[in-house]
Structures are given as C-alpha cells and as structure tokens.
Amino acid sequence: MKKITIAIDGFSSCGKSTMAKDLAREVGYIYIDSGAMYRAVTLYSIENGIFDGNDIDTEKLRKEIRNIRISFRLNPATGRPDTYLNDVNVENRIRTMEVSSKVSPISALDFVRTEMVAQQQAMGKEKGIVMDGRDIGTTVFPEAELKIFVTATPEIRAQRRYDELKAKGQEASFDEILENVKQRDYIDQHREVSPLRKAEDALLLDNTNLTIEQQKEWLFEQFNKVSGIQ
Ligand SMILES: Nc1ncnc2c1ncn2[C@@H]1O[C@H](COP(=O)(O)OP(=O)(O)OP(=O)(O)O)[C@@H](O)[C@H]1O
Ligand SMILES: Nc1ccn([C@@H]2O[C@H](COP(=O)(O)O)[C@@H](O)[C@H]2O)c(=O)n1
C-alpha cells in the first residue's frame with residue numbers, strides 16, 4: 001500500500017502524541033513530535049544565556065540556530081523515540097515546567113520556525129510519517145493526505161497532564177498547569193507566523209469525553225479510509 005503523510009495538530013496536552021505514536025507504531029510509520037523540537041531550541045536558549053524568561057537575545061539565537069541539531073533515536077526501554085539536542089539526550093529535560101513556560105515565545109520567532117520547518121520537511125520527504133504539532137497540516141505538510149485537528153477542554157487537558165506528572169512522581173500544581181496550557185494556546189493561536197489553527201481540510205476530533213482506546217480506534221478508522229484509496 002502506498003505510504004501517506006499524516007498531520008496531527010491541536011491544542012496543548014490534548015493527546016496528539018499519544019494518538020500519533022500508537023498509529024505510527026502499528027502501521028510502521030516514522031513518528032515525529034515537532035513540539036519536542038521547539039522545546040529543544042528553548043532548552044538550548046535557557047542553557048546558553050539566550051532566554052531568561054523575560055528577554056530573548058534574538059541576534060544570538062539567530063546566529064546559532066543553524067548549529068542546533070535535533071534528532072530522534074528510539075529508546076529500546078520505552079519503545080518510543082527520545083529527543084537529542086546536538087547528540088545529547090534531552091528527553092526528560094525538555095518536559096519540565098520551566099521549558100513549557102518558555103517555549104511559546106521561542107517558537108513564535110520566524111527564523112526559528114523557518115529552520116524547524118525545513119528540518120521537519122526533510123524528515124517527511126519519503127512520506128510514511130506521522131507528525132504532530134501546531135502547524136503540520138497548514139505549513140509543514142499542506143499536502144498531507146490525512147489531517148486531524150484535536151481539541152478538548154483546557155480543564156480536562158490540564159487534569160491529564162497533572163495525572164501524568166503525579167504518576168511519574170513529579171511535583172505538580174493543577175492551577176499552574178492549567179494556566180500554562182491556556183497561555184500556550186493563546187500565544188500559539190495569536191503569533192504572526194503559522195498560528196495554530198485547523199486546516200480547512202482537517203478532520204476535527206474533540207476527545208474531551210473519549211478514552212485513549214476510543215480515540216485510537218477513531219484514528220485508525222480515518223487512516224484505513226484514506227490509505228485504502230491511495
Ligand atoms: N483520551 C484521553 N483520555 C485520557 N487521557 C489522555 C487521553 N489522551 C491522552 N491522554 C493523556 O493526556 C496526557 C497528554 O497527552 P499527550 O502528551 O499525548 O498530549 P499532546 O497533545 O501530545 O501534548 P503536547 O501538546 O504537550 O505535546 C498524557 O498523559 C496522555 O496519556
Ligand atoms: N509544530 C509546532 C509544535 C509545537 N510548537 C510550539 O512548541 C510548544 C510545545 O509543543 P508541545 O507539542 O510539546 O506541547 C507549543 O506550545 C508551541 O508553542 C509549535 O509552535 N509548532
């Protein structure tokens with residue numbers, strides 16, 4: 001069967017990567033978490049004195065962006081890809097609240113997006129890829145055969161993230177997570193370059209009242225419909 005490109009976009013913490021990873025694994029496609037790439041650039045900016053939370057040294061970041069190499073390597077223990085920044089595994093460090101609270105201003109910079117989009121398009125040039133993010137169906141792969149836009153209420157998304165952090169034994173505040181989710185959604189939707197929005201030809205999935213299993217089943221149905229006619 002001919003391989004296709006699958007774009008899964010939507011709001012923060014709504015389950016995009018959970019769905020995307022499951023589908024990619026079962027159909028033997030590459031999975032790319034594009035948010036991890038923006039998180040890695042943010043971590044680099046924090047650790048290299050480019051972003052202190054208030055001001056971004058855009059000139060320094062502009063000079064260094066071409067030297068920020070992001071890659072993914074399968075972690076045999078989890079069966080999932082880990083994120084590498086200049087060959088160092090940063091998977092855990094990019095998931096902290098510090099990075100979550102600083103990532104949206106970094107990802108709003110036009111030259112950061114130009115570089116990330118170029119890297120993402122190179123990763124998907126052979127098709128057979130599931131990529132999740134905010135602008136995959138609108139900017140990265142506007143020709144994707146299957147586009148999904150996922151949403152859920154901010155409260156349920158914050159609750160899911162809170163439960164996840166608690167299960168990992170990490171300190172978490174529901175209110176802080178809810179605030180972060182809302183703030184990121186706002187910045188992501190209102191930035192000038194590639195704002196978060198549903199592509200006209202994307203299918204809308206509100207998973208507020210769906211279980212992980214139910215949303216997985218729904219996504220598989222959509223995949224089977226589209227890949228069957230390619
Ligand atoms: N339908 C669901 N019901 C309950 N929990 C869910 C559901 N879908 C995903 N989750 C859980 O919600 C949390 C967030 O999911 P996930 O990381 O897939 O979201 P995301 O949209 O990729 O987030 P981000 O925007 O931060 O990358 C995870 O703990 C995941 O297991
Ligand atoms: N295609 C994308 C993906 C992500 N972003 C920005 O990165 C942040 C973190 O993404 P997560 O998927 O890990 O939540 C997100 O809030 C966006 O600011 C993006 O701009 N484009």
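**Reading helices, strands and ligand shells**

Colleague: Start with helix H1. Which of its residues are buried?

Modeller: In H1, the buried residues are Lys-16, Ser-17, Met-19, Ala-20, Leu-23 and Ala-24. They lie on the same side of H1, because they cover an arc of only 160° around the axis. Keep in mind that this is a predicted model.

Colleague: What is the general idea behind that spacing?

Modeller: An α-helix makes a turn every 3.6 residues, so residues three or four places apart point the same way. In H1, Met-19 and Leu-23 are both among the buried residues.

Colleague: How many residues does H1 have, and what span does it reach?

Modeller: H1 has 12 residues. From its first C-alpha to its last it reaches 17 Å, close to the 16 Å expected at 1.5 Å a residue.

Colleague: Now H9. Which of its residues are buried and which are exposed?

Modeller: Gln-215, Leu-219 and Phe-223 are the buried ones. They cover an arc of only 75° around the axis, which puts them on the same side of H9. The other side carries exposed residues: Glu-213, Gln-214, Glu-217, Glu-221, Asn-224, Lys-225 and Gly-228.

Colleague: What do the buried residues of H9 pack against?

Modeller: They pack against H1, S7 and S8. As for its span, H9 has 17 residues and reaches 24 Å from first C-alpha to last, close to the 24 Å expected at 1.5 Å a residue.

Colleague: On to strands. How do strands of a sheet pair?

Modeller: They pair through backbone hydrogen bonds, and the sense is either parallel or antiparallel. Take S7 here. S1 and S7 run parallel, joined by five bridges. Ala-7 stands opposite Lys-147 of S7. S7 also pairs with strand S8 (residues 203-206), in the parallel sense, over four bridges. There, Leu-204 in S8 is the bridge partner of Phe-149.

Colleague: How many residues of S7 are buried?

Modeller: Five of its six, so S7 is mostly covered.

Colleague: Where in the S3-S4-S5 sheet do S3 and S5 stand?

Modeller: The three strands form an open sheet in the order S3-S4-S5, with antiparallel pairing. Strand S3 (70-75) and strand S5 (88-89) stand at the edges. Each has a single partner strand, so one side of each is left without a neighbour in the sheet. Strand S4 (residues 80-85) pairs with S5 over two bridges, in the antiparallel sense. Leu-85 stands opposite Val-88 in S5.

Colleague: Where does Lys-127 lie?

Modeller: In the loop between helix H5 (110-123) and S6. Lys-127 is not a glycine either, and its phi is positive, near 65°. With 16 C-beta neighbours inside 10 Å, Lys-127 counts as partly exposed.

Colleague: Now ligand 1. How many residues surround it, and which are closest?

Modeller: There are 17 residues around ligand 1. The closest are Gly-15, Ser-17, Thr-18, Arg-160 and Glu-164. H1 (16-27), helix H7 (154-167) and H9 (212-228) each supply at least two residues of that shell.

Colleague: One last residue. Is Tyr-186 buried or exposed?

Modeller: Tyr-186 is exposed, with 12 other C-beta atoms within 10 Å. Tyr-186 lies in helix H8. Between Tyr-186 and Ser-104 the C-alpha to C-alpha distance is 9.3 Å, though they are 82 residues apart in sequence.

Terms used: Residues are numbered from 1 along each chain as its sequence is written. Chains are lettered from A and ligands numbered from 1 in the order in which they are written. This is a predicted model: local features need pLDDT of at least 70, side-chain atom pairs count only at pLDDT 80 or more; totals for chains, interfaces and linings use all residues. A residue is near a molecule or strand if its C-beta atom, placed from the backbone, lies within 6 Å of it. The expected span of a helix is 1.5 Å times one less than its number of residues. A residue is buried if 20 or more other C-beta atoms lie within 10 Å of its own, exposed if 12 or fewer, and partly exposed in between; C-beta atoms are placed from the backbone. The arc is that of the directions from the helix axis to the C-beta atoms. Two strands pair if DSSP finds at least two bridges between them. Two residues are in contact if their C-beta atoms, placed from the backbone, lie within 7 Å.
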